[in-house]
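Reader: I am new to this structure. Can you take me through how to read it, one feature at a time?

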Amino acid sequence: MSDVDVVTELQGTIVEVHVDPGAQVRAGTVVALIESMKMHHDIVAPGDGVVAAIDAPVGTTLKVGDRVMTLGPSVAAVDGRLPPPSGIPDQHGVAGRPTGLDRDDLSEVVARHAAGLDEHRTEAVAKRHAKGKRTARENVADLVDADTFIEYGPTVVAAQRKRRDLDDLIANTPGDGLIGGIGDVNGDLFDTERAKTTVMSYDYTVLAGTQGFQNHRKKDRLIEVAASLRTPIVFFTEGGGGRPGDTDAPGVSGLDCLAFWWFAELSGTVPIVGIASGYCFAGNAAILGCCDVVIATEDSNIGMGGPAMIDGGGLGVFTPKEIGPIEVQRANGVVDIVVADEAEAVSVAKQYLSYFQGSVSDWVAPDQTALRDVVPLDRLRAYDIRDAITGMFDEGSVLELRREFGVGMVTVLARIEGRPVGVLANNPKHLGGAIDSDGSDKAARFMQLCDAHGLPLITLCDTPGMMVGPDIEETALVRHCSRLFVTGANLSVPTITVVTRKAYGLGAQAMMGGSTKAPLACLAWPTGEFGGMGLEGAVRLGYRKELEAVANDEEREVLFQQMVDRMYEHGKAVSIASHFEIDDVIDPADTRRWINTLLTAAPEVASGTRSNIDTW
C-alpha cells in the first residue's frame, strides 16, 4: 500500500491535531479539527494506516484540498484484525469524553426538565395533597393518554430575574405556573388525528396559578398551535388572575398581551373546555368564561375579581369563599356541569370532548317500546322529558349541560347509533314548558354550540308557547326569545323536530327553527297537539261572548270544556298530519329509526365555520 494524503475539504485553520507520527489509525478516525467560519469540523482518515508525517500543525491555515498529514501502510494485522488505536478520537469525539446521558449539555437539560416535575417538588405536592387537591401535572396525566404528551416551555421561569436569583426561580416557578402541550385524549375511541388535543393548566403550586408575563406568552404560543392544527383545547383554570410582581416584563400596563384576544378568536373554531377547581378569579375566570363548556368542582369559587381587587375598589372585605361559590354559579348559568372533584372533572371533560371527536362503534339502543308510555294519556298530567331523552338515545350517552340554569329548557349531548347529536327539549315540569328569558338564552347558545362543531340538532317540543305576563316582560323576553328565531333560522347543521305533546304558537315555532317546514322532518307522537295558541286561551279569547252569555257557572264550564275538546280534536297530531302541516305522526318507538335514517342521508357539515359561540 502506498502513502495516502489526508486533505481538508474546507478552507480554514487547524485548531487541533489528535494524532502523532507513528500512530495507527483506522478509516473514519478523527485525526484533526479545522476551524472554518467559527465552527470546528472533523478531518477524518480516509483509510487504515500509520501516520507518516504531520504536514499542517495547529495554527496552519489551509485551502480546500491542502494536505493535513500523510498515512503510510498499516502495521501487520493480528488474527486478521488491526490493533486498536489507543486514545484516538472517532467521529463522535475524543475518546474518554462523556457520551449519551452523561454529556454535560444533555444532563443539564434533563435536570432542568426534572426540576419542574412533581417528584422533585415534594413539599409543594404535599401541601396540595393535604388540601385534597391534585397537582396540575396529575390532572394533565389523567386527561392525556400515556406517553402522548409533548410539553411546550417546561423550562420557562417567572419573569422576575431582577429580584430573584435563577436557582430560586428554577426551584419555585417552574413553567411560570403554566403547563401546556399537545397529547391524545380518548385515543382508545378515536384515531390519533382526532384524539390530538391542546392541554393547558395553571399550576396553583406556582405563585397561586397567577398569570405572569412568560405564562401569557406560553398561552399565546399554544393558542397559535391549536388554531393551526385545529385541535380542541382543554384548559384547567384554577388561579388568582394577573400577577403584579414580574419585574422583567417590558411595558407598563400589560394590556397589550395577546392571550385574551387570541383565545376569544378561537370560539366557534375548535371545541374549548374549561375546568375550574378551587379559586378561579380575574384573568383566569375570563379565560374560563370564554370556553364552550365550563366544568367546575363543588369546591370552586369563580369571579371576575378576587378579594384583593374587591377590597382595592373600596367595595368591602371578603374571603375567597364568599365570592362566586358553586351554588351561585351553577344556578346563574356560569357553570355547565358541576362535579365532585378533579378526577370526575377530567372524566366528564373526556366524555364531552368525545362528542366532537366523532362517532363510536360500540353502542346499545334502549328498548324503544318504552317510549310509547313516556307521555301520559291525561293531557294535563306532567311528565319528565328526560325519560324521553334517555329512552331515545344510546344507553349511557346522555350528557346534560346547564341543568340548574334556564330549567325550562333541557340541553343534552347524546348519541344515536354511535353518532353524536345535540338534543334540545322543553321541560313541561317548569311553567308547563313555556319558554322564558333564561330558557331562551340557554337554548340559543346550545344551538350555536352544535352548529359551530357540526352536531345535528334534535328538538323535542312540548310547549304552550312563550311565557306571558307583565313580570316576564321585565326580563326583556322580547329580545331573549327572539334569539331562538335568529339562531334557528341560520343553522347549518341538520335539524329534526319531534313534538311529544304541545306545540302552540311562537314557542313551538321557535323550537322548530321558525316553522314546521324548517327541519328535515317535523314529526309528532300521537299525544301531540297543535295550535296558534294554547287551547284554553284560544277558547276564552275566541268564544268570550258565547261563554259570557251562559249565566250559570257550571253550565259555562261544561260549554268551555266542550269547546276545548272540539279544538283538541281539530288540532291533535293525527289531524294536523292529515293536512300535511307536519311530516308525520308516528309510533314513538319509531322515532330512532326516523332520526337515524335522516342523519345517515344528511351530508356531513364542516365544523369550525361559525364566527363564534356566545358566552351566554
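This is a predicted model: local features need pLDDT of at least 70, side-chain atom pairs count only at pLDDT 80 or more; totals for chains, interfaces and linings use all residues.

Reader: Is Ala-282 buried or exposed?

Author: Look at the relative accessible area. Buried means under 20%. Ala-282 has 11%, so it counts as buried.

Reader: What is the phi of Ala-282?

Author: It is positive, about 55 degrees, although Ala-282 is not a glycine. Arg-230 also has a positive phi of about 55 degrees, and it is not a glycine either. Arg-230 lies in the loop between helix 6 (213-229) and strand 12 (233-236).

Reader: Now the whole chain. How many helices and strands does the protein chain have?

Author: The protein chain has 21 helices and 25 strands. Its radius of gyration is 35 Å, well over the 25 Å that the globule rule gives for 616 residues, so the chain is more spread out than a compact globule.

Reader: What does the C-alpha trace span along its principal axes?

Author: About 130 × 60 × 40 Å.

Reader: How many of the residues count as buried, in percent?

Author: Of the 616 residues, 49% count as buried. The chain exposes about 28700 Å², and carbon and sulfur atoms supply 54% of that area.

Reader: What share of the contacts comes from residues 24 or more positions apart?

Author: Take the contacts with a separation of 6 or more. Residues 24 or more positions apart account for 72% of them.

Reader: How many positive and negative side chains are there?

Author: The protein chain has 55 positive and 86 negative side chains. The centres of the two sets lie 3 Å apart.

Reader: On to sheets. How do strands of a sheet pair?

Author: They pair through backbone hydrogen bonds, either parallel or antiparallel. Here is a case. An open sheet of 4 strands has the order 1-8-6-3, with antiparallel pairing.

Reader: Which are the edge strands of that sheet?

Author: Strand 1 (4-7) and strand 3 (24-25) are the edges, and each pairs on one side only.

Reader: Where does strand 1 attach?

Author: Strand 1 is joined to strand 8 (residues 67-72) by 4 bridges, and the two run antiparallel. Val-7 has Arg-67 of strand 8 as its bridge partner.

Reader: How many bridges join strand 6 to strand 8?

Author: There are 4 bridges, again between antiparallel strands.

Reader: One last residue. Where is Lys-429 found?

Author: Lys-429 is in the loop between strand 20 (419-426) and helix 13 (437-452). Exposed means over 50% relative accessible area. Lys-429 has 56%, so it is exposed.

Reader: Which residues does Lys-429 contact, leaving aside neighbours within four places in sequence?

Author: Lys-429 contacts Ala-382, Tyr-383 and Asp-384. As for Lys-162, it is 267 residues from Lys-429 along the chain, and their C-alpha atoms are separated by 62 Å.

Methods. Residues are numbered from 1 along each chain as its sequence is written. Side-chain values use heavy atoms; hydrogens and water are left out. Two strands pair if DSSP finds at least two bridges between them. The radius of gyration is taken over C-alpha atoms; the globule rule is 2.2 Å times the number of residues to the power 0.38. Buried means under 20% relative accessible area, exposed over 50%, partly exposed in between (1.4 Å probe, protein chains only). Contact means heavy atoms within 4.5 Å. Accessible areas come from the Shrake-Rupley method with a 1.4 Å probe; for residues, only the protein chains shown count as cover. Lys and Arg count as positive and Asp and Glu as negative; His and the chain ends are not counted. The place of a charge is taken as NZ of Lys, CZ of Arg, CG of Asp or CD of Glu.
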